[in-house]
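These are my notebook entries on a two-chain model, written down in the order in which I looked things up.

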Amino acid sequence: MTAPTGQTPPPAPATAGRAADRTAVTPRSRWNPRNPWRHAWFLEGFTWLYLIWSLVPIVIAVLFSFNKGKSQSTWQGFSWRWYFKDPVNSVLHDPQLHAAVIETVRLSVLTTVIAVPLGVAFALGINRWRGAIPSTFNFVMILSFVIPELIFGVAMFFVFTVLFTAVPLGTVAETLGLVTWNVSWPAIIVQARLVGLGRQYEEAAADLGASRLTAMRRVMLPLLAPAIFASAVLVFSGVIDDFVIVDLLSSNAGNTPMSVIIYSTQHGGNGGPALNALGTISLVMSFILAIIGYAGYRWLTRGERGSRIDALTTIAGGEG
Amino acid sequence: MRRQKKNAFWIALAAPGILWLILLFIVPFYAVLAIAMGKLDQLFESPVAVWNPLAWSSENVIDVSRDLVGSASFAGPIVVRTVLYVAIASAGCLVIGYPAAYFVARFSGRRKGLFLILLIAPFWISYMMRMLAWIDLLQTGGYVNKVLGWLSLSPVNWLGGKPATVVLGLVYGYIPYLILVLYAGLDRIEPALIEAGRDLGLSKVRTFVRITLPLSRQPILTGLLITVLPMLGDYYTNQLLSGAASTSMIGNLIQGQLGTPGLEGQGAVLSLLLLLVLLIPMIYYVIATNRSAKAAS
């Protein structure tokens with residue numbers, strides 16, 4: 001969560017950094033050992049090594065989801081066996097794996113639908129309402145963003161087992177926990193955008209006779225659309241990736257999402273390529289979401305000065 | 001009067017979120033406190049929450065402190081081990097992550113988009129999938145041991161409780177977060193400052209030490225926090241890549257107590273203790289990000 005450089009409002013001038021990008025590129029071809037922009041071969045090699053280390057294991061794991069045999073480490077030929085061909089152990093036919101995919105999607109949709117409006121309204125209200133109460137709760141909100149997930153998960157586990165006992169562990173408890181854990185995305189990102197926008201648009205709307213509600217609906221929400229959209233993508237992908245909260249709050253096979261199934265099946269033995277298939281499905285879901293997120297964000301900010309790079313970092317949650 | 005009416009609109013907007021935070025963030029932590037300071041139902045071995053602070057009992061706190069220090073302590077070594085693993089792993093993240101982030105922020109030129117996509121890709125791959133990938137590689141018959149075999153070295157039981165494997169898992173799991181924070185911070189350094197350093201006769205190394213490094217102190221600190229905080233509550237990396245008691249960390253201890261009848265109260269005390277220790281770095285992080293957000297806007 002850093003500064004909102006990626007969300008410059010329309011009338012702002014180009015930032016100095018971007019102009020400098022261009023100068024950084026042009027003299028590269030000039031070979032001069034004292035040239036500070038000389039190409040950094042050593043660093044580039046190092047970066048490629050890092051990227052290989054970071055991504056090749058994933059590629060191998062995806063490949064093994066297509067393995068014909070039962071091994072996760074010896075290649076025995078290509079097949080769709082672990083996705084749908086195998087009548088018993090494939091993701092499609094194993095009831096537990098099948099239910100896990102559905103539960104992940106269900107939790108992602110439910111959490112996004114609740115957390116985004118909640119967080120956006122919170123950001124708007126907190127940003128404009130001055131006083132000790134709003135700043136206290138803003139602090140609590142950011143605290144909920146940085147607190148280690150295990151500590152939060154423990155609190156959720158206890159509150160549902162000893163206090164809110166009307167909510168049994170399962171999908172409802174998981175959703176409530178995930179909303180609380182993820183509501184800080186829209187709350188923080190929308191607030192950063194609001195700070196960047198300033199109050200002039202709203203004041204102009206008020207001068208032209210718009211009521212507060214109309215100004216909100218016709219002026220502020222469209223201006224905030226990129227931030228709202230980005231936070232929705234981040235919440236959705238955050239839930240697909242989530243593990244600790246759902247691990248502590250799930251109660252049976254019917255409400256256990258993919259991450260927990262991979263964890264509980266793999267530890268303590270060879271889970272088989274069906275788990276790789278499950279992991280690959282979650283990966284494909286996330287990648288589709290990332291592409292939708294990137295394209296959508298570019299489209300929503302099309303009139304603005306933001307670059308592709310800004311859109312990329314925003315969609316990864318790097319620039320709030 | 002007008003001012004009040006003005007506020008009412010914003011209060012109404014913020015109210016649902018505030019209510020949500022009270023009910024599902026603040027109250028749950030009070031519940032943890034009530035259980036930590038509560039008693040044990042001897043018959044059912046279940047924790048009894050004590051909501052009234054005047055009736056709090058120190059049973060669990062005494063149990064936990066006996067576990068942590070003293071001759072019969074078993075949790076003390078776990079704490080030391082956790083600090084050690086997390087320190088090594090986050091140092092590893094920084095040593096690998098800084099050069100990569102530095103390169104992409106400053107030297108990747110027109111290919112910045114490509115590099116950034118590759119750096120960000122792990123964000124979009126679920127943590128469990130990334131751990132699964134290493135389990136596949138490190139299995140007894142996995143590719144790492146196959147390579148060792150080609151080199152005529154004897155295979156290693158990587159997943160049988162090796163501290164090195166756990167640290168590798170932690171580095172691999174959390175480095176993307178650090179790199180993105182570092183990249184965002186390094187990308188904001190004005191190239192003119194570095195040019196100025198060079199123009200004024202500093203060597204390449206001294207330019208880095210005198211200009212780039214001081215300017216990246218803030219991103220390094222926040223980046224380290226963003227990796228250290230979740231690492232301290234991590235139990236799954238360890239469980240998946242080792243599973244042995246000889247490598248267990250604080251996270252494993254808390255998670256284990258949560259699932260053991262009679263020990264939930266001690267789990268509550270431990271997680272509150274962890275929270276207490278981490279409160280200062282967490283507040284630092286909040287203030288630091290607020291400051292940089294204000295500076296940039």
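I began with chain A, where I counted 14 helices and zero strands, taking helices (H or I, at least four residues) and strands (E, at least two) as DSSP runs numbered from the N terminus. Of its 320 residues, 48% count as buried; a residue is buried if 20 or more other C-beta atoms lie within 10 Å of its own, exposed if 12 or fewer, and partly exposed in between, with C-beta atoms placed from the backbone. I then looked at contacts in chain A between residues at least 6 apart in sequence, and 73% of these join residues at least 24 apart, a contact meaning that the C-beta atoms, placed from the backbone, lie within 7 Å.

I noted the conventions next: this is a predicted model, in which local features need pLDDT of at least 70 and side-chain atom pairs count only at pLDDT 80 or more, while totals for chains, interfaces and linings use all residues. Residues are numbered from 1 along each chain as its sequence is written, and chains are lettered from A and ligands numbered from 1 in the order in which they are written.

For confidence, I read an ipTM of 0.90 and a pTM of 0.87 for the complex. Chain B averages a pLDDT of 88, with 96% of the residues scoring at least 70; pLDDT is the predictor's confidence in each residue, from 0 to 100. Within chain B, the lowest mean, 81, belongs to strand β1 (residues 39–41), and the highest, 94, to α3(B).

I turned to the contact between the chains, which takes 94 residues from chain A and 91 residues from chain B. On the chain B side, helix α1 (residues 2–36) gives the most, with 19 residues. By class, that side has 66 nonpolar, 17 polar and eight charged residues, where Ala, Val, Leu, Ile, Met, Phe, Trp, Tyr, Cys and Pro count as nonpolar, Asp, Glu, Lys and Arg as charged, and the others, Gly among them, as polar.

The largest nonpolar core has 171 residues, and A:Val154, A:Leu278, B:Val32, B:Leu178 and B:Tyr183 have the most contacts inside it; such a core is a set of buried Ala, Val, Leu, Ile, Met, Phe, Trp, Tyr and Cys residues joined through C-beta atoms within 7 Å. Helix α7 (residues 163–187) of chain B gives the most to this core, with 16 residues. I followed A:Val154 across to chain B and found that, leaving out residues up to four places away in sequence, A:Val154 touches B:Val32, B:Ile254, B:Leu258, B:Gly267, B:Ala268 and B:Ser271.

Which residues of helix α4 (residues 112–120) of chain B are buried? I listed B:Lys112, B:Phe115, B:Leu116, B:Leu119 and B:Ile120. They cover an arc of only 125° around the axis, which puts them on the same side of α4(B); the arc is that of the directions from the helix axis to the C-beta atoms. These buried residues pack against α2 (41–64) and α14 (308–315) of chain A, together with α3 (75–106) and α7 of chain B.

B:Ala101 lies in helix α3 and counts as buried because it has 28 C-beta neighbours inside 10 Å. In the loop between α6 and α7 I found B:Ser152, which has a positive phi of about 55° although it is not a glycine.

Note on methods: Two residues are in contact if their C-beta atoms, placed from the backbone, lie within 7 Å.
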